[in-house]
Amino acid sequence: MEFLYITIAVLLAIIIYAVVTYFRMKKAVTNLTQEQFIEGYRKAQLIDVREPKDFAAGHILGARNIPQSQLRQRYKEIREDKPVYLYDQNGARSGRVAIFLQKKGYNQLFQLQGGFKQWTGKIKSKN
């Protein structure tokens with residue numbers, strides 16, 4: 001019986017964490033469709049938060065690569081006074097990056113809904 005209570009408590013904690021994270025992400029970043037993203041990203045800072053090998057394989061034309069793994073050391077390369085357009089492979093990492101940047105004082109944060117795998121616009125690759 002004790003095992004059941006522990007299991008329920010752990011599941012409840014995971015659900016609460018997921019809900020809190022979801023609402024923090026909703027508050028930190030605006031999700032944009034590809035059309036909305038295309039309308040604004042040329043006037044913004046376009047940041048690909050994937051790892052360098054993924055960036056090299058293909059990225060949105062004009063994007064800078066600041067991987068999530070290097071963000072703590074490199075976030076100051078991103079200007080606070082201009083909109084920041086973020087994307088990753090599927091939309092999960094860029095939300096966490098947005099929460100981090102919001103804590104650092106950034107407030108114009110946008111992410112590509114569905115991530116790079118949904119992108120049908122122009123891309124550049126080193127291959």
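Predicted model: local features only at pLDDT ≥ 70, side-chain atom pairs only at ≥ 80, totals over all residues.
View 1. Residues are numbered from 1 along each chain as its sequence is written, and side-chain values use heavy atoms, with hydrogens and water left out. The span 6-23 is 100% helix and 0% strand, and its end C-alpha atoms lie 26 Å apart. Helices (H or I, at least four residues) and strands (E, at least two) are DSSP runs, numbered from the N terminus.

**View 2. The open sheet.** Five strands with parallel pairing are ordered β1-β6-β5-β2-β4; two strands pair if DSSP finds at least two bridges between them. At the edges are β1 (30-32) and β4 (64-65), each pairing on one side only.

**View 3. Strands β5 and β6.** Strand β5 (residues 84-87) runs parallel to β6 (residues 109-112), and three bridges join them. Y85 has F110 in β6 as its bridge partner. Helix α5 (residues 93-103) packs on the sheet and touches both β5 and β6, where contact means heavy atoms within 4.5 Å. The direction of α5 makes about 145 degrees with that of β5; axes are lines fitted to C-alpha atoms, for helices over the stretch in contact, and angles run from 0 to 180 degrees between N-to-C directions.

**View 4. The buried side of α5.** Among the buried residues of α5 are V97, I99 and F100 (buried: under 20% relative accessible area, 1.4 Å probe, protein chains only). The buried residues of α5 pack against α1 (2-28), α4 (71-74), β5 and β6. After α5 comes G105, with a positive phi near 105 degrees.

Note on methods:
Buried < 20%, exposed > 50% of the residue type's maximum accessible area, 1.4 Å probe, protein only.
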